[in-house]
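Trainee: I'd like to learn how to read a model like this one. Could you walk me through it, one feature at a time?

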Amino acid sequence: MSGRSVYAMRAGDQLKVGVTKDVGKRLRNLQTGTGHQLQLVDQWVEPDAAWVESTMHAALRPFRLMGEWFACSDELARMAHQYAKLAALNPDECCVPWHD
């Protein structure tokens, strides 16, 4: 995939949502400092990846452990991505009041 991607990666029961140009390289770099085997859950190439990532972080805030790591299911991460895509169509009506 080309462009900037929003990704969801799992390490045990924790899920990371981030942005990168090269998901494979990012996975390898994170694996070095992680005690669990990392697994790519999903990736989405986005024209405004930073905004989508930020909106996903806001939607997942109740599940935040620290930084970009969340205690949530893969399906919830995918739902947060779908929400971010819908919110991008009309950001003035974004329903997450705590948007980063």
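Trainee: Where is the place of Glu46?

Mentor: Glu46 sits in the loop between strand S3 (38–45) and helix H2 (49–59). Helices (H or I, at least four residues) and strands (E, at least two) are DSSP runs, numbered from the N terminus. Before we go on, this is a predicted model, where local features need pLDDT of at least 70, side-chain atom pairs count only at pLDDT 80 or more, and totals for chains, interfaces and linings use all residues. Residues are numbered from 1 along each chain as its sequence is written, and side-chain values use heavy atoms, with hydrogens and water left out.

Trainee: Does Glu46 count as buried or exposed?

Mentor: Buried means under 20% relative accessible area, exposed over 50%, and partly exposed in between (1.4 Å probe, protein chains only). Glu46 has 7% relative accessibility, so it counts as buried.

Trainee: Which residues is Glu46 in contact with, leaving aside its neighbours within four places in sequence?

Mentor: Contact means heavy atoms within 4.5 Å. On that basis, and with those neighbours within four places in sequence set aside, Glu46 is in contact with Arg4, Val6, Val52, His81 and Lys85.

Trainee: With which residue does Glu46 form a salt bridge?

Mentor: A salt bridge is a side-chain nitrogen of Lys or Arg within 4 Å of a carboxyl oxygen of Asp or Glu. Glu46 forms one with Lys85, and the closest N and O atoms are 2.8 Å apart. Glu46 is in the loop between S3 and H2 while Lys85 is in helix H3, so the pair ties together parts that are 39 residues apart in sequence. Lys85 itself is partly exposed, with a relative accessible area of 35%.

Trainee: How many salt bridges does a search of the whole structure find?

Mentor: Four. One of them joins the side chains of Asp74 and Arg10 (2.7 Å, N to O). Asp74 belongs to helix H3 (residues 74–89) and Arg10 to strand S1, so this pair ties together parts that are 64 residues apart in sequence. Asp74 counts as partly exposed at 27% relative accessibility, whereas Arg10 is buried, with a relative accessible area of 13%.

Trainee: What about Arg78, and which side chain does it meet in a salt bridge?

Mentor: That partner is Asp42, at 3.0 Å, N to O. The pair links distant parts of the chain, with Arg78 in helix H3 and Asp42 in strand S3, 36 residues apart. Arg78 is partly exposed, with a relative accessible area of 29%, and Asp42 also counts as partly exposed, at 24% relative accessibility.

Trainee: Now the sheet. In what order do the five strands come?

Mentor: Strands of a sheet pair through backbone hydrogen bonds, either parallel or antiparallel. Two strands pair if DSSP finds at least two bridges between them. Here five strands form an open sheet in the order S3-S1-S2-S5-S4, with antiparallel pairing. S3 and strand S4 (64–66) stand at the edges with a single partner strand each, so one side of each is left without a neighbour in the sheet.

Trainee: How many bridges are there between S1 and S2?

Mentor: Strand S1 (residues 5–11) and S2 pair over seven bridges, in the antiparallel sense. Met9 has Lys16 in S2 as its bridge partner. The two strands form a hairpin with two residues between them, and Gly12 in the turn has a positive phi of about 65°. Seven bridges also join S1 to S3, where Ala8 has Asp42 as its bridge partner. On to strand S5 (residues 69–70), which pairs with S2 over two bridges; there Lys16 stands opposite Trp69.

Trainee: Why is S2 largely enclosed by the rest of the structure?

Mentor: Count the buried residues: six of the seven in strand S2 (residues 14–20) are buried, so the strand is largely enclosed by the rest of the structure.

Trainee: Which strands does H3 lie across?

Mentor: H3 lies across S1, S2 and S3, running at about 15° to S3. Axes are lines fitted to C-alpha atoms, for helices over the stretch in contact, and angles run from 0 to 180 degrees between N-to-C directions. Helix H1 (residues 23–32) lies across S1, S2 and S3 too, at about 35° to S1.

Trainee: Last one: is Val6 buried or exposed?

Mentor: Val6, in strand S1, counts as buried at 0% relative accessibility. Its C-alpha atom and that of Val19 are separated by 4.5 Å, though the residues are 13 apart along the chain.
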